[in-house]
Amino acid sequence: MANLVCDIAVVAAGPAGLAAAIAAAENEKKVIIFEKAAVTGGTANMGIGPFAVESHFQKDMMESLTVEKAFEDYMRETRWHVDARLVKNYFEKSGDTISWLEDMGVKFAGANKYFPGSHRTWHMVLPEDGSVPGPRSAGTMCKRMTERAKELGVEIRTETPVKKILKEDGKITGVLAVDKSGEEIICNAKAVVIATGGFGNNVEMIKENTGYTYGTDIFNFRIPGVDGDGLRMAWEVGAGKGRMSMEKIVHLVAGVKNDMFLPLSNIFYQPNLVVNLEGHRVMNEELLEHTSYASNVTDIQKDRRIYSILDKRIIGAYKRNGVDVPNDMTKMFGDIVAYFEEMMPKAAEAAPESMIIADSIEELAEKIGCPYEELKATLDEYNDLCEDNWDSVFGKDRKFLRPISTAPFYAAAISIGAYGSLGGILIDSDLRVLTEEHIPIPGLYGAGSDVNDIYDGSYVFTFPGNTMGFALNTGRMAGENAAAFIDG
Ligand SMILES: Cc1cc2nc3c(=O)[nH]c(=O)nc-3n(C[C@H](O)[C@H](O)[C@H](O)COP(=O)(O)OP(=O)(O)OC[C@H]3O[C@@H](n4cnc5c(N)ncnc54)[C@H](O)[C@@H]3O)c2cc1C
């Protein structure tokens, strides 16, 4: 058994834990981070960049969004069913956090939108190899943060998971961790920050606390090590249970089985026709680009499935003029429509139950598994709307009204995905961990996805970069508040 002493023990080195450690060390506290994985950065190593409002990038771009306006829109979107003070504190800090990260050497490509209707809040990190931002570029941000933490004297112990939070006489006294040789470490600390990234890799916890069954009606990213440890350990020392949900998006079912088919989602997320397993049209398909709204639509359908349908003429139009709504996939995978007709038969062969090519409506209905009469009626109605050039049912923009009439017909099954989990530990707006009675546990703080309950069950994609932004800013606030707690 080894013994260590510090002011603040930080459980995990994802963006929330790194930000907490840096902020605490900037406040002259001795900090030790215990990280389960061999590398720092956590899930953020997969991502692109964080949210911020009123960053200098936005000001330079003459972006008119202010903290006040963002707050107002955000609270309306979440129906004030979230901690308003926490949201306000986070938004107010977020612009400065971008400059704080830049001071550590993080470079950003500016402030971006996720889709045309979203706000310009997504600060994409420039990868260190000079390439354009894309999946995994935020890994560079985590590297710079790790360097900064070390520079400030933070000790980072990787491959050393925390197993238990220690509490005596109602106060937090440290953590118990185990290093890679199996040796137990008792670390005495005056405060502890928990930031273990949630329970996205724990299928039992997902089932028990959100109702989804991994592999059946949810196909979330599973980041090794993100097993709900922080939640379990917090509950063990008396923390209340916060609301728990998944950071839902939509996901091409075939893409779960074979990454190769994911680029096809660029075509199937275009605003054509979407039906459910009853053969009924269920949404204004423009919303497919708003992945969390589309996941809400999917959530209430039979088997949590929807099917996106298009036909030969639509593919022809896309080949001539490009897709209706170019998105990130377009940038990442190039002109997918050019090789759509070549790739689709391979996809249909590899995943026949979810990637469909049909020569008639009867065949399409049979392959989807919906009643032919219902699908036929839906197509007749939809094609009439296209002819009238007015979607009197769901109000889709007329420029997206293209009839589905010319074989072959193509369809893809879409289900629910998720970037990870949200929430589980009850906190207040100062990131203090609370008991069920809403009483703070002295010295215990939470940050990042373990405590992220600011979406009211549906990720607010109109403000992209939000979970990484929340992790960084709540981490920073938790580190500062833990330091202030020690200073009395
Ligand atoms: C593919 C993908 C792309 C994404 N892109 C974006 C994006 O562009 N913008 C955005 O806002 N969000 C994005 N996200 C989400 C974002 O990455 C997360 O919300 C964010 O990383 C959460 O930060 P965190 O610090 O709370 O947890 P994580 O980043 O998940 O870190 C948790 C850490 O805890 C460690 N840990 C777990 N248990 C223990 C233990 N017992 N002891 C010690 N350590 C432990 C883990 O090893 C891990 O390192 C993306 C997610 C995915 C999957």
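**Entry 1**

I looked up Arg136 and found it exposed, with a relative accessible area of 54%; I take exposed as over 50% relative accessible area, buried as under 20% and partly exposed as in between, with a 1.4 Å probe and protein chains only. The model is a predicted one, in which local features need pLDDT of at least 70 and side-chain atom pairs count only at pLDDT 80 or more, while totals for chains, interfaces and linings use all residues. Residues are numbered from 1 along each chain as its sequence is written, and side-chain values use heavy atoms, with hydrogens and water left out.

Arg136 is not a glycine, yet its phi is positive, at about 85°. I placed Arg136 in the loop between β5 and α5 (138-151); helices (H or I, at least four residues) and strands (E, at least two) are DSSP runs, numbered from the N terminus. Arg304, also not a glycine, has a positive phi of about 50°. I found Arg304 in the loop between α10 (291-299) and β14 (306-311).

I also noted a cis peptide bond between Ala407 and Pro408, with omega about 0°. Pro408 belongs to the loop between α15 (372-388) and β16 (409-422).

**Entry 2. Cysteines**

How many disulfides are there? I counted 0 disulfides, a disulfide being a pair of cysteine sulfur atoms within 2.5 Å. For Cys370 I looked up the closest cysteine sulfur, which is in Cys386; it lies 18 Å away, too far for a bond. Cys370 is buried at 8% relative accessibility, and Cys142 is buried at 1%.

**Entry 3. Aromatic pairs**

I recorded 20 aromatic pairs in the structure. Rings of Phe, Tyr and Trp (its six-membered ring) pair if their centres lie within 6.5 Å; planes under 30 degrees apart count as stacked, over 60 as edge-to-face and the rest as tilted. Tyr90 lies in helix α4 (residues 84-103) and Phe470 in helix α16 (residues 466-486), so the pair ties together parts 380 residues apart in sequence. Tyr90 is buried at 0% relative accessible area, and Phe470 is buried at 0%.

Next I checked Tyr114 and Phe461, a tilted pair with 4.5 Å from centre to centre and 40° between the planes. Tyr114 sits in the loop between β4 (108-112) and β5 (122-125), and Phe461 in the loop between β18 (440-446) and α16, so this pair ties together parts 347 residues apart in sequence. Tyr114 is partly exposed, at 23% relative accessible area, whereas Phe461 is buried at 3%. Tyr114 and Phe461 belong to one aromatic cluster, whose members include Phe115, Trp122 and Tyr419.

**Entry 4. Charges over rings**

I looked for charges over rings, where NZ of Lys or CZ of Arg must be within 6 Å of the ring centre and within 35 degrees of the ring normal. The charged end of Arg222 sits over the ring of Tyr214, 4.8 Å from the ring centre. Lys241 has its charged end over the ring of Trp235, 5.0 Å from the centre.

**Entry 5. The ligand**

Which residues come nearest to the ligand? Of the 35 residues around the ligand, I listed Glu35, Thr43, Gly49, Asp229 and Met468 as nearest; a residue is near a molecule or strand if one of its heavy atoms lies within 4 Å of it. Both α1 (15-26) and α16 supply at least two residues of the shell, and the largest share, 4 residues, comes from α16.

I then examined polar contacts, which are pairs of N or O atoms within 3.5 Å; within protein, one atom must be able to donate a hydrogen and the other to accept it, and residues adjacent in sequence count only if both atoms are side-chain atoms. A backbone N or O atom of Met468 is 2.7 Å from an oxygen atom of the ligand. A polar backbone atom of Ser449 lies 2.9 Å from a ligand oxygen, and a backbone N or O atom of Lys36 is 3.0 Å from a ligand nitrogen. The ligand taken alone exposes 1000 Å², of which the protein buries 95%; accessible areas come from the Shrake-Rupley method with a 1.4 Å probe, and for residues only the protein chains shown count as cover.

**Entry 6. Gln270**

Gln270 is in the loop between α9 (265-268) and β13 (273-275) and is buried at 1% relative accessibility. A polar atom of the Gln270 side chain lies 3.1 Å from the backbone nitrogen of Asp324.
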